[in-house]
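Trainee: Please take a close look at one part of this model, the pairing of charged side chains. Where do these pairs sit, and are their members buried or exposed?
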Amino acid sequence: MEQIRCRACRSFRDGNRDERECTGCGRALRVKYGYCRLCWVQLSGGRAWEGTAPPAVAARATAGVKIGHHQLFFDRMAPRTGAGPAQAAPRRPRRALPPQAAWVQPRLPAPHARPGRRPPASPSLAAAIRIADRLAEARGWSGEIRRRVRQGLSIALDGHPEGQDVAWSRALPPLRARHLCAGHVAGVLRQAGMLDDDRRPAFDAWLDRKLDGVTAGIRRDAERWLRTLKDGGPRSRPRSIATVHSHLGKALPALLDWSARYHHLREVTRDDIQDHVRGLHGSQRHNTLVALRSLFGFCLSAGVIFRNPARGIKVGRRPSATVLQPLSQDDINDAVAAATTPAARLIVALAGVHAARSSTICALLLADADPGSGRLLLGGRPRPLDDLTARLLRTWLETRRARWPGTANPHLLINTQTALGTGPASRTWVNSALRGHAVTVEALRVDRQPEEAMATGADPLHLAATFGLDPGTAVRYASSARQLLQTTAEQQNPAGIPPNPRPGSAQEG
């Protein structure tokens, strides 16, 4: 038995009792105007629910149109209101404006090409990116650092001819303007063999600034002397840049004074040197004479002067310093409280317990610290690890591993900048742990050595073996400790009365 499921089909069946062959599909069903339910919906365009046939349907039914296909419809759905979209409301006509009141779009300038856009087929850029990826893997660069290095490489190589080096003086300003990693970009280009650092060296600019008022003849010899100090010579080793700065700082007042009277260092006499250092005392006189002897010694070996006027002038021994006073317990407690990070606590322990210099702390490697075996290598000398330093060392290693798990830096102490490379941290960063406090890292180191001397009977040999000190420095620390011990004993027994003999001693008999 046929089941009628929707109201429209049931209404069509009840309202049309004539059952015969359908004109559209040829089936024997109840029809309306000669068409069955499906053909009727097909011809009416979705308006079969209105009850009356539209004129177009009546005309097609009269003509006997055959239906080639049927559109199926889902049960229990709302009837369709039509196949076409609804007519939109007519648009309101726009009011025409006079030509003088009409707005005109100004002509925009052509957009500039974005810097750093380079075709991927560039061999130099592709090679630089490959090197940057290898460095990123080796040094543990983050995704942001990699993106900025790639952007910096694209900017540096923008418009760069193939086969030529990149002029760093041209590439550096746009990198700094965009706050990109200029140092990492330079390192990648240097490894790729495409960097031409054509900038003027900072040492040359420093020389020009310092020797500005010196006459030409004296300036030429002084500049050769300073460059030999910095770079070394056939018979001399290079000195540190701090030594170069110190020597020029001590000799510059004499050079400016002699420039007002002489044109060459050959004209300087022994009396001129003595007149210059006559008003100097202490370490200032000592350092000035050392710098002038170095200057005239170099000029004599270079054949610039005929005799050394500084020869025979007694430099003398450096004046002995006063007795080193120990730090107060309040200052030490303040330094300990100021160290709030694991790195700062380890720095304070290395300086206050092991008397390590800031340069030695910076140069410490991961292989030098072994908390498992309880040994620490400081300046090439093995030292036993105490419980406090070992605990702080383990805490710092855990923090280092958690914060920079992919770094390739072999140094023990690293920061945000050095974690991306392989170099050591700066002394400025190490000393910043106690910046602004009464006690510095250097003060903790100096205080530790007299403390050890006072605890071991002021033995200079023990100090030299424990801390790796120069013999003269060890003797100076031992002398200070001996004077402190003597002063303490005098304070405890100001009258000089010998202590009472113990019972049963030889003095009782």
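Mentor: Asp275 is partly exposed, at 45% relative accessible area. In this predicted model, its side chain meets that of Arg278 in a salt bridge, 2.6 Å from N to O. Arg278 is exposed, with a relative accessible area of 54%, a value over the 50% cut-off.

Side chains of opposite charge can pair when their charged atoms come close. Helix H5 (residues 143–156) holds both Arg147 and Glu144, three residues apart, or about one turn of the helix. An α-helix has 3.6 residues a turn, so residues three or four places apart point the same way. The side chains of Arg147 and Glu144 form a salt bridge of 2.6 Å, N to O. Arg147 is partly exposed at 45%, and Glu144 is partly exposed at 41%.

Helix H18 (residues 441–455) carries Arg445 and Glu442, again three residues apart and separated by about one helical turn. Their salt bridge is 2.5 Å, N to O. Here Arg445 is buried, at 4% relative accessibility, whereas Glu442 is partly exposed at 34%.

A search of the whole structure gives 13 salt bridges. Besides the pairs above, Arg200, Asp208 and Arg219 are joined in a network of salt bridges. As for helix H8 (residues 202–210), its buried residues are Phe203, Asp204, Trp206 and Leu207. Seen down the H8 axis, these buried residues fall within an arc of 160 degrees, so they line one face of the helix. They pack against helix H9 (216–231) and helix H10 (241–259). On the face of H8 turned away from the buried side are the exposed residues Ala202 and Arg209.

Terms used: Residues numbered from 1 in each chain as written. Predicted model: local features only at pLDDT ≥ 70, side-chain atom pairs only at ≥ 80, totals over all residues. Heavy atoms only, no water. Buried < 20%, exposed > 50% of the residue type's maximum accessible area, 1.4 Å probe, protein only. Helix = DSSP H or I, 4+ residues; strand = E, 2+ residues; numbered from the N terminus. Arc of directions from axis to C-beta. Contact = heavy atoms within 4.5 Å. Salt bridge = Lys/Arg side-chain N within 4 Å of Asp/Glu carboxyl O.
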